[in-house]
Amino acid sequence: MTTRWLTPDEQRAWRAYVAATHLLEDALDRQLQQDAGMPHLYYSILATLSEAPDRRLRMTDLAEALKITRSRLTYAVTRLEKDGLVAREGCPSDRRGSMAVLTGEGMAVLERTAPGHVETVRTHLFDLLTTDQVRHLEEICTRIKGGLEQAPAEEVPWLRRSCGTRDE
């Protein structure tokens, strides 16, 4: 198979994308560490649970929503449990499954932290773009996401099933 090297324009776009995403993720992590003592991933877990029915999700569904492996999610939820921000309970429809549940304290931390997080996103992303650029960014990201979601489940870490079970 012949390698399809990036054109100079594609190479510049790729490097700009990688640099921008790394810098944005770093800015979000710094703000969240300062305001809440947690990385962006932990905040994302709280935010995702806050939007779920009854503020609870199966661990596998939460991992899929966040696009992370179940083992990485288990580690993060364990840490959030120790801080009293998330609780785990059994899944009523499957004895093997478990649910992550946002606690009242977790919701309070999220509500306290959200304004600074939104301001950081606005400052480092949306304030730098025109209305048309925001629309194009959404179109581009939606297209990339759609293409990546076409991968077979066995190739996507957060969709893999281990040991024949649905949850950790």
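Residues are classed as buried under 20% relative accessible area, exposed over 50% and partly exposed in between, with a 1.4 Å probe and protein chains only. By this scale tyrosine 17 counts as partly exposed, because its relative accessibility is 47%. The model is predicted, so that local features need pLDDT of at least 70 and side-chain atom pairs count only at pLDDT 80 or more, while totals for chains, interfaces and linings use all residues. Residues are numbered from 1 along each chain as its sequence is written, and side-chain values use heavy atoms, with hydrogens and water left out.

Tyrosine 17 lies in helix H1 (residues 8-36); helices (H or I, at least four residues) and strands (E, at least two) are DSSP runs numbered from the N terminus. Together with Leu6 and Trp14, Tyr17 makes a nonpolar surface patch of about 340 Å². Such patches consist of residues with over 30% relative accessible area and no salt bridge, like charges being joined within 9 Å and nonpolar side chains (Val, Leu, Ile, Met, Phe, Trp, Tyr) within 5 Å. A salt bridge is a side-chain nitrogen of Lys or Arg within 4 Å of a carboxyl oxygen of Asp or Glu. Accessible areas come from the Shrake-Rupley method with a 1.4 Å probe, and for residues only the protein chains shown count as cover.

The end C-alpha atoms of H1 are 41 Å apart, in agreement with the 42 Å that its 29 residues should span at 1.5 Å a residue; the expected span is 1.5 Å times one less than the number of residues. Ala27, Leu28, Gln31 and Leu32 are buried in H1, and the buried residues of this helix pack against H2 and H5, contact meaning heavy atoms within 4.5 Å.

The largest nonpolar core has 27 residues, and Ile45, Leu46, Leu49, Leu62 and Leu73 have the most contacts inside it. A nonpolar core is a set of buried Ala, Val, Leu, Ile, Met, Phe, Trp, Tyr and Cys residues joined through side-chain atoms within 4.5 Å. Its largest share, seven residues, comes from H2. Not counting residues up to four places away in sequence, leucine 62 touches Ile45, Thr48, Leu49, Leu57, Leu73 and Ala100. Threonine 48 lies in H2 and is buried, with a relative accessible area of 19%.

The buried residues of H4 include Leu73, Val77 and Leu80; the buried residues of this helix pack against H2, H3 and strand E2 (86-91).
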